[in-house]
Amino acid sequence: MTAPVAAYAQAPADAEILNTYANVAQAGYEDALTGAKALEVAVDALIASPSEATLKAARQAWINSRPAYMQTEAFRFGNPIVDDWEGRVNAWPLDEGLIDYVDASYGTESDANSLYTANVIANTRITIDGKEVDAANITPDFLQNTLQEAGGIESNVATGYHAIEFLLWGQDLHGTGPGAGERPFTDYSTAAHADRRAAYLKAATSLLVSDLEEMVGDWQTDGAARKALPGLGISAILTGMGSLSFGELAGQRMKLGLLLHDPEEEHDCFSDNTYNSYLDDGISLRNVYLGTYARVDGSVVKGPSISELIAAKDAALDTELKGLLDASVGKLQAIADRAKGGEAYDQQIGEGNVEGNATVQAAIDALIAQTRGIERAVALLKLDGVTIEGSDSLTNPDAVFQ
């Protein structure tokens, strides 16, 4: 008979766990800010001297900026300050015709969005809610306070990583076949509206930096997010973990696209970087549970964790949860390995790709199993106020097709 796993002699205090949680958040957002600043430098170089080389460097800087940010996503859902802010930096999917030119296959209108093909880069005046708006100057303020979610429509995403991604790659017109966006560098030199396109890219990148600076400040010693934690308690940690694991990642980001076999439903759809982002989401969940984060500079932030709290009360559950977290990261890694081998995520969810579909479904199943473990932790700790977000794609898939 296998000997039982010993429990910790003493559970860490909630305040210690929350302090580690805040330290991990602060470090993650600081690293994301560093990545955004490097992206801004690369964007400036592209704008100053458009070429294949500077466009490639800017794209790589965008890819390099993503892991640190995606490893902060477990701080969503449980922290209202993060949730109120998040849509400015990582909202998706977006109606890219709001921003720039699109292929004819995109269509010319949408019953749900009057700005579907507004193309603010080509037009110095646009109409929002029946009122003509001056769009002559593309500035961070204009993007954030006029264009972002214009008309109250969530798909009018004008700011953040994915607006920048679109401006660097352009549309991915390959469907579920191989290939990502193929925007030419001449879009920033000799193409129509090159100056306004550059102004938009510059404004969006500058805004990303300032938004991340705000969130770094929110997690510093006297920051609003850190100061709010005692009132939120341990529930904030498990709310964030459960909601990211289930409704957001397993459901909205993965199962929905798999059900529809729709490449537009992948997170980084212009760059085909989705496999990395989903893996980093999985790592984010494990980091928060273990109270640890490996920084970009090689240092490690670590401290008393919710894992230790669970172990002190039920060592077997802690061991199970760590195993479930490792398993989901492993299944997400399998998606990444397949992508690195030449089959991008949008190809893996393509209709008729039996092996690719199965690889994605295995990761979804692992995330669902992981969520059940998180729910057992909530029950063990007798926590009130933990609401795990759902997704019709997981619990009512027929609704997806209605």
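## Serine 328

Serine 328 sits in helix α11, which spans residues 315-340. The model described here is a predicted one. Serine 328 has a relative accessible area of 0%. Because a residue counts as buried under 20%, serine 328 is buried.

The side chain of serine 328 forms a polar contact with the side chain of glutamine 370, at 2.4 Å. Apart from neighbours within four places in sequence, the residues in contact with serine 328 are Ala366, Leu367 and Gln370.

## The buried side of helix α3

Which residues of helix α3 are buried? In this helix, made of residues 80-90, they are Val82, Trp85, Glu86, Arg88, Val89 and Asn90. These residues lie on the same side of α3, because the arc they cover around the axis is only 160 degrees. An α-helix has 3.6 residues a turn, so residues three or four places apart point the same way.

Several other helices take part in covering the buried residues of α3. Among them are α1 (14-48), α2 (52-70) and α4 (140-147). The cover also includes α5 (161-169), α6 (194-218) and α8 (235-260).

## The largest cavity

Rolling a probe the size of a water molecule over the atoms shows where empty space is left. In this model there are two cavities of 30 Å³ or more. The largest cavity has a volume of about 50 Å³.

What lines the largest cavity? The lining consists of Ile17, Thr20, Tyr21, Val24, Phe75, Ile237, Asn287, Val288, Gly291, Pro304, Ser305 and Ile306. Helices α1 and α9 (274-290) each provide at least two of the lining residues. The largest share, four residues, is that of α1. By residue class, the lining of the largest cavity has eight nonpolar residues, four polar ones and no charged ones.

## The second largest cavity

The volume of the second largest cavity is about 30 Å³. The residues lining the second largest cavity are Asp172, Gly175, Pro263, Glu264, Glu266, Cys269 and Asp346.

How many residues of this lining are nonpolar, polar and charged? Two are nonpolar, one is polar and four are charged. The lining of the largest cavity, by contrast, has no charged residues.

Key: Residues numbered from 1 in each chain as written. Predicted model: local features only at pLDDT ≥ 70, side-chain atom pairs only at ≥ 80, totals over all residues. Heavy atoms only, no water. Buried < 20%, exposed > 50% of the residue type's maximum accessible area, 1.4 Å probe, protein only. Polar contact = N/O pair within 3.5 Å; in protein donor to acceptor, adjacent residues only side chain to side chain. Contact = heavy atoms within 4.5 Å. Arc of directions from axis to C-beta. 1 Å grid on protein atoms, 1.4 Å probe; cavity = no way out; pocket = protein on both sides within 12 Å on 5 of 7 lines; lining within 4 Å. Points joined across faces, edges and corners; volume = space filled by probe spheres on them. Nonpolar A, V, L, I, M, F, W, Y, C, P; charged D, E, K, R; others polar.
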